[in-house]
Amino acid sequence: MDAKTKYKAKKIKIVFFDIDDTLRVKDTGYMPETIKTVFKDLKSKGILTGIASGRALYGVVPEIIDLEPDYFVTINGSYVVNHQKEEIVNQPIRKEVAQAFVDWCQYIGIEYGFAGKDKPVVSARIPLIDEAMVPVYGICDVEPDFYLTNDVYHMWTFAENNADLVLPEHLSREVRLVPWHQHSSDVVKSGISKASGVGQVLEKEGMTPENAMMFGDGSNDMEIFDFVGLKVAMGNAVSEIKEKADYVTDNVEGNGIYNALVELGMVNKELHFPQLNLETFEAPTAKIKTNLGDMSIKLFPEHAPKTVANFLGLAKEGYYDGIIFHRIIPEFMIQGGDPTGTGMGGQSIYGDSFEDEFSEELYNLRGALSMANAGPNTNGSQFFIVQNTKLPYSKKELERGGWPADIAQVYSENGGTPHLDRRHTVFGQLVDEASFETLDKIASVKTGAQDKPVEDVVITTIEVSE
């Protein structure tokens, strides 16, 4: 993402979202959990949210209503309400235009439908119509004369050759076709679009187009992409939308909206801390067996893949069998993994030192398994386990220093070595009280020169389970 796009994001005061294949997958109904985070974070930052959809309000699914958007720009901009359902725009199609549309459909032999204020209707019950409409509105009532007694906000064509349909001149002056399905187009009033609806919202809020942002994927987003200050196309968007976009993000399943807003700095990255949820975190395990007891550890291959692979590989080879903990400092850590027992040796499975793998979700809490090193990107076979129980910093001090609140809380309560974060790769965590008892027992042994135990603390073996 370039600097110009990020600069535009600083001016955004309201973000609009298309629904189908943007907020959720139209065919399956899948909506990522991250969407809830997006709306919550935007609201906390004072940024308004809006839905801008070809759907009518009755077609907006409950899980999107539950997000509590500030505005609903619906039926392609012809009907707009705020979160209290107060009308901002109410612009139905004139009845004589609807009549001319019906006459044309009947003349060329295609089916049609209407989006009313309170429900959608169609001219017939046939598979071709259901294929298009059911995923959006369910089974629609059949009322071919609905327009005679009800306001109509946009209309639909339904045809096998829908892409080939061309409105006659007298109709094209009043309405336009906006394809949205292989067998259907929205028939939208001229001068009305998502962009015009958004414009009415901006006017009401005292904003300008540069204050508005839009996420979209389809042809009916073209006008709004030309209108707003910042536009993001979904990874599954049509090519024309991608060409107009300031940025193309991932698709719905890939958390496209969330990822883009994190990149823009408009939403906080959602972090999960596996060290704080070991009971529910599924991961490979290792049991370090020593002459003073055992220590069971969960490993984090998703966060530190090369480091975990190195540790598991060496353990399986028996590399650590018989090696001592050569450096022990109480209220700090215990260090081992060097076959020379000097702190100067050891080799990775890669044959050379390998790079650090820092994660903003892992920390040097008490009980953390971390890589020892001689500076950046010098990892080999040596590791240490954090034993410190006393921290000189308060939770507030750590938070001010940039540590997440949950991690700062655990540091302040249990101890650890926060000064080693982003300097040593964390790749595991002790899992039970018995392991901590062994850790503290090892940390309490008598040591001599260079913090080496007077009597050897030996790793008899490391058992792994993947």
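# A tour from sheet to loop

Select valine 122 to begin: it stands opposite valine 142 in S8. What you see is a predicted model, where local features need pLDDT of at least 70 and side-chain atom pairs count only at pLDDT 80 or more, while totals for chains, interfaces and linings use all residues. Residues are numbered from 1 along each chain as its sequence is written, and side-chain values use heavy atoms, leaving out hydrogens and water.

A word on labels. Helices (H or I, at least four residues) and strands (E, at least two) are DSSP runs, numbered from the N terminus.

**Stop 1: the six-stranded sheet**

Now select strand S7 (residues 120–122) together with S8. The two run parallel, joined by two bridges. Strands count as paired if DSSP finds at least two bridges between them. Widen the view to the whole sheet. It is open, has six strands in the order S8-S7-S6-S9-S11-S10, and its pairing is mixed. Which strands are at the edges? They are strand S8 (141–142) and strand S10 (175–181), each pairing on one side only.

Contact here means heavy atoms within 4.5 Å. Axes are lines fitted to C-alpha atoms, for helices over the stretch in contact, and angles run from 0 to 180 degrees between N-to-C directions.

**Stop 2: aromatic rings**

Show the side chains of Phe, Tyr and Trp. Their rings (for Trp, the six-membered one) pair if the centres lie within 6.5 Å; planes under 30 degrees apart are stacked, over 60 edge-to-face, and the rest tilted. By this rule there are 19 aromatic pairs. Zoom in on one of them, tyrosine 58 with tyrosine 137. The pair is tilted, at 5.6 Å centre to centre and 50° between the planes. Tyrosine 58 lies in the loop between strand S2 (48–52) and helix H3 (62–65), and tyrosine 137 in helix H5 (residues 127–137), so the pair ties together parts 79 residues apart in sequence.

Are these two buried or exposed? Buried means under 20% relative accessible area, exposed over 50%, and partly exposed in between (1.4 Å probe, protein chains only). Tyrosine 58 is partly exposed at 27%. Tyrosine 137, at 15%, is buried.

Select Phe101, Trp104, Tyr112, Phe114, Phe146 and Tyr147 next: they form one aromatic cluster.

**Stop 3: the eight-stranded sheet**

Move to the other sheet. Eight strands make it up, in the order S17-S18-S20-S19-S21-S16-S15-S22; it is open and antiparallel. Neighbouring strands are turned by 25° against each other on average, direction ignored.

Select strand S15 (residues 285–290) and strand S16 (residues 293–299). Six bridges pair them in the antiparallel sense. They form a hairpin with two residues between them. Follow the partners: threonine 290 bridges to glycine 293 in S16, and alanine 286 to isoleucine 297 in S16. S16 also pairs with S21, again antiparallel, over three bridges. There, leucine 299 has glycine 428 of S21 as its bridge partner. S16 is largely enclosed by the rest of the structure, because five of its seven residues are buried.

H14 lies across S15, S16, S17, strand S18 (333–336), S20 and S21, running at about 120° to S16.

**Stop 4: loops**

Select glutamate 455, in the loop between H14 and S22. Glutamate 455 is exposed, with 67% relative accessible area.

Most residues other than glycine have a negative phi. Isoleucine 75 has a positive one, near 45°. Look for it in the loop between strand S3 (71–74) and strand S4 (79–82). Isoleucine 75 is buried, at 2%. Aspartate 21 has a positive phi too, about 60°. Its place is the loop between strand S1 (14–17) and helix H2 (34–44), and it is partly exposed at 24%.
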